[in-house]
Amino acid sequence: MPFVTVGQENSTPIEIYYEDHGSGRPIILIAGFPLGGRAWERQERALIAAGHRVITYDRRGFGKSSQPSVGYDYDTFASDLDQLVAHLDLNDFDMAGHSMGGGEVARYLGTYGTARVRRACILSGVPPYLLKTADNPEGGADKALFDGIQKAIADDRLAFMTGWNQNFFNLDENLGSRISEEVVRDAWNTATAASPAGTIACVPTWYTDFRADLPKIDIPVLVLHGTKDRVLPIDAGGPRTHALIRGSEYVAIEGAPHGLAWTHADEVNAHLLRFFA
């Protein structure tokens, strides 16, 4: 299986698992919490068919990547991505990040620049800044909400993921029509197989401040967000990210939940194929 080593914890190397399929201009797809590269199954199929080389990977702590107890912050996540890009010697590539993956897009471009990257997409991403503060009154929520989520994961991680899926996919509206019980079960299995320490440690990263990263981005960016996102409400994400990236394009996908890459795959794929054509 393909891995790239990005660090070391005590006697153990920290390895990022990736997959690399198709041919044509490369596009890196970065999954959201608590999933991995397989979350892009429906997009990967469409992009490869359209002539793209598609690279997916599992964030540290998730999927088939190593599960260290350290490195759960966006500077490290961006460094992991940069080491993958260097390992594959990618140039003139595209990238897309969903949810937490939108944070990697923002921090990678804000830190390492756009010399290698052609276009980017942020889907229901955590940028620009989800913490409500004095200088960010329109932010997503008070810190107490994130503290409560972190405690709930620590108390019963497996039970938490059952409730998480309810809101990730808006199952009360979409189960049986846009998503099957089997897909939900697979998402739960993936989530609960992740690092317990990493799952807990990721929660504070959701309110990383990306407001300094976004204005540095000088390539075309597509911002997508579902209008019925219950995990990351649209007003806290998509429009505000769009406003901070000069010349970006913003699309609201009507009725889509946070997990729009599966439930609204046809709409998402149409926008990605158009934008990355």
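Reader: What volume does the second largest pocket have?
Author: The second largest pocket has a volume of about 380 Å³. It is lined by 21 residues, with Ile149, Trp206, Arg230, Val231 and Leu232 closest to its centre. On a 1 Å grid over the protein atoms alone, a pocket is an open set of points where a 1.4 Å probe fits, with protein on both sides within 12 Å along at least five of seven lines; lining residues have an atom within 4 Å of a point. A volume is the space filled by probe spheres set on the points, which are joined across faces, edges and corners.

Reader: Before I go on, what kind of model is this?
Author: It is a predicted model, where local features need pLDDT of at least 70 and side-chain atom pairs count only at pLDDT 80 or more, while totals for chains, interfaces and linings use all residues. Residues are numbered from 1 along each chain as its sequence is written, and side-chain values use heavy atoms, with hydrogens and water left out.

Reader: OK, the largest pocket then. Which residues lie nearest its centre?
Author: Gly36, Gly37, Arg38, Ala39 and Asp186, out of 31 lining residues. The volume of the largest pocket is about 560 Å³. α7 supplies the largest share of its lining, six residues. By class, that lining has 14 nonpolar, nine polar and eight charged residues.

Reader: How many cavities of 30 Å³ or more does a search find?
Author: One, in the whole structure. In a cavity, the probe fits but cannot get out. About 30 Å³ of space lies in the largest cavity, and its lining is Ile30, Ala31, Leu35, Gly36, Gly37, Tyr57, Asp58 and Arg59.

Reader: What stands opposite Ile30 in β4?
Author: Tyr57 does. Strand β3 (residues 26–30) runs parallel to β4, joined to it by five bridges. Two strands pair if DSSP finds at least two bridges between them.

Reader: What order do the strands of the open sheet have?
Author: The eight strands go β1-β2-β4-β3-β5-β6-β7-β8, with mixed pairing. β1 (3–9) and β8 (249–253) are at the edges with a single partner strand each, so one side of each has no neighbour in the sheet. From one strand to the next, the twist averages 20 degrees. Helix α11 (residues 265–275) packs on the sheet, touching β6 (117–123), β7 (221–226) and β8, and its direction makes about 165 degrees with that of β8.

Reader: Switching topic: at what angle do the axes of α2 and α3 cross?
Author: At roughly 75 degrees, with the axes of α2 (residues 74–88) and α3 (residues 100–112) coming within 9 Å. α2 and α3 are therefore roughly perpendicular (65 to 115 degrees). Their contact (heavy atoms within 4.5 Å) includes Tyr74, Phe77 and Leu81 of α2 and Met100, Arg107 and Tyr112 of α3. Axes are lines fitted to C-alpha atoms, for helices over the stretch in contact, and angles run from 0 to 180 degrees between N-to-C directions.

Terms used
Helix = DSSP H or I, 4+ residues; strand = E, 2+ residues; numbered from the N terminus. Nonpolar A, V, L, I, M, F, W, Y, C, P; charged D, E, K, R; others polar. Parallel < 35°, antiparallel > 145°, perpendicular 65-115°, else oblique.
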